[in-house]
Amino acid sequence: MIKVGIVGGTGYTGSELLRLLVHHPGVAVSVVTSRADAGTRVDAMFPQLRGHVELEFASPDTPALSDCELVFFATPNGTAMQHAPALLSAGVRVIDLAADFRLDQVEVWEHWYGMTHAAPSLLGEAVYGLPEINREAIRGARLVANPGCYPTAVTLGLLPLLETGAEAGLVDKDRLICDVKSGVTGAGRKASTGLLMAEVGESFKAYSVSGHRHQPEIRANLRRATGQEVGLTFVPHLVPMARGIEATLYAFLTDDRTDLQTLYEQRYADEPFVDVMPSAAALETRSVRGTNLCRLSVVEPLGNGVVVVQSVIDNLVKGAAGQAVQNMNLMFGLDEALALPTVGLVP
Ligand SMILES: NC(=O)C1=CN([C@@H]2O[C@H](COP(=O)(O)OP(=O)(O)OC[C@H]3O[C@@H](n4cnc5c(N)ncnc54)[C@H](OP(=O)(O)O)[C@@H]3O)[C@@H](O)[C@H]2O)C=CC1
Ligand SMILES: CC(=O)N[C@@H](CCC(=O)OP(=O)(O)O)C(=O)O
């Protein structure tokens, strides 16, 4: 059994990790932390875990984390970078669900995250944990930077257009448009006026239109996959639902000879967690709710050179905790799909 710790176990992604890991046959969760709720039984806070988790939340400074083989950080940005160096030195592998190790250039990271990086020397070593572009590197990694939720949905949606068509110029890589919507759990469980039901319910808004920190992460992913710079406009929106991300992605074709449906189906034929719909189906977030799937559809609706890709994920699963478990499975030589659901909770 792999001995695992979770820092930040009272948050949405930490509790989602617990939901998935209690069904994992190769994992024993031995430490779950919270500063505010240290000493409280995990199943007292989360009755859905009764009978599955017999732990109390521990303080994050507990030495028990150093006895783990793997520690997940399900904490705000800027936390894992303070603790990862000591854990790695103690031989513990680390998966950070936050953004501390996602960008490889420290000045770009500091610009977007507004703080000084505490462990810049690890940025070069950290492996970006999107298995669909980085599987082999993840297998050998000590430190994995789990992708952001929006970057997961957008990168998987655009990848085939850019990867396969880059040299031939399948689409205009300087004018990609990403219109993306998220449920409110994407903002975390902390108390915040902007997340109150009366603020979010019965309404729908765009935010960070002038720039969101996931834009450089998406560009870095597409650069990593294609070797080329891309130009993209990324606008996130908040939708009054708990879970789910829907990305509607637009690209302008520069070559109309490629069969887009075949391109997408072939690119993801061997991917256990990417499902390409057989036709230009309209996608719903609920079809992936609770699953580790990214479900895609591609269509050129008017035949006028504008491609529309839809991409849906559950932000807490493929967008966070599920992807982290997928990465853990790869790092420990297990079946990549172990303990990861693929049937959505509908309705
Ligand atoms: N929610 C989502 O859909 C996604 C989130 N992420 C990222 O994952 C991370 C966690 O997100 P989420 O679960 O939503 O966040 P939450 O706000 O729901 O939970 C944060 C958790 O971290 C703990 N925590 C906060 N500060 C510290 C600290 N300084 N040291 C140790 N523990 C701390 C909190 O407990 P306590 O304060 O008691 O210690 C709590 O358990 C974030 O970086 C987020 O950006 C990534 C992809 C998707
Ligand atoms: C709805 C909502 O507020 N979403 C968050 C995304 C948070 C997230 O997951 O951030 P990281 O992936 O960088 O960790 C936001 O836009 O800030």
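**Ligand shells, domains and core of the predicted model**

In this predicted model, helix H1 (12-21) and helix H10 (317-331) each contribute at least two residues to the shell around ligand 1. The greatest contribution to that shell comes from H1, which supplies three residues. The shell around ligand 1 comprises 31 residues, of which Gly8, Gly11, Ala98, Gly188 and Arg189 come nearest to the ligand. By residue class, this shell divides into eleven nonpolar, 16 polar and four charged residues.

The shell around ligand 2 is formed by Ala98, Ala99, Gly148, Cys149, Ser182, Gly186, Ala187, Pro236 and Leu238. Six of the residues in the shell around ligand 2 are nonpolar and three are polar, while no charged residue is found there. Ala98 belongs to the residues around ligand 2 and is also among those that come nearest to ligand 1.

The domain assignment of the protein gives domain 1, covering residues 2-125, and domain 2, covering residues 150-315. The centres of the two domains, taken over C-alpha atoms, are separated by 27 Å. Seven residues from domain 1 and seven residues from domain 2 take part in the contact between them. On the side of domain 1 that touches domain 2, helix H4 (residues 106-113) gives the most, with three residues, and the residues of this side divide into five nonpolar, one polar and one charged. A separate annotation, taken from an unreviewed UniProt entry, places the feature "domain: Semialdehyde dehydrogenase NAD-binding" at residues 3-141. Within the model, the end C-alpha atoms of residues 3-141 lie 17 Å apart, and the span is 29% helix and 15% strand.

In soluble globular proteins, nonpolar side chains tend to be buried together. The largest nonpolar core of the present model has 92 residues, and those with the most contacts inside this core are Val71, Phe72 and Ala153. Helix H6 (residues 149-163) gives the most to the core, with nine residues, and the core draws at least three residues from each of domain 1 (2-125) and domain 2 (150-315). When residues up to four places away in sequence are not counted, alanine 153 touches Val180, Ile245, Ala247, Cys294, Ser311, Ile313 and Gly319.

Several backbone features were also identified. Glutamate 202, although it is not a glycine, has a positive phi of about 55 degrees; this residue lies in the loop between helix H7 (197-200) and strand E8 (205-206). Glutamate 202 counts as exposed because it has 8 C-beta neighbours inside 10 Å, where the limit for an exposed residue is 12 or fewer. A positive phi, in this case of about 65 degrees, is also found for alanine 339, which is likewise not a glycine and which is located in the segment after H10. Alanine 339 has 20 C-beta neighbours inside 10 Å and therefore counts as buried, given that a buried residue has 20 or more such neighbours. The segment after H10 is also the place of proline 347, which is joined to valine 346 by a cis peptide bond with an omega of about -5 degrees.

Key: Residues are numbered from 1 along each chain as its sequence is written. Chains are lettered from A and ligands numbered from 1 in the order in which they are written. This is a predicted model: local features need pLDDT of at least 70, side-chain atom pairs count only at pLDDT 80 or more; totals for chains, interfaces and linings use all residues. A residue is near a molecule or strand if its C-beta atom, placed from the backbone, lies within 6 Å of it. Ala, Val, Leu, Ile, Met, Phe, Trp, Tyr, Cys and Pro count as nonpolar, Asp, Glu, Lys and Arg as charged, and the others, Gly among them, as polar. UniProt positions are given in the numbering used here, feature names are shortened, and annotations may be inferred rather than shown by experiment. Helices (H or I, at least four residues) and strands (E, at least two) are DSSP runs, numbered from the N terminus. Domain bounds come from an automatic or database domain assignment. Two residues are in contact if their C-beta atoms, placed from the backbone, lie within 7 Å. A nonpolar core is a set of buried Ala, Val, Leu, Ile, Met, Phe, Trp, Tyr and Cys residues joined through C-beta atoms within 7 Å.
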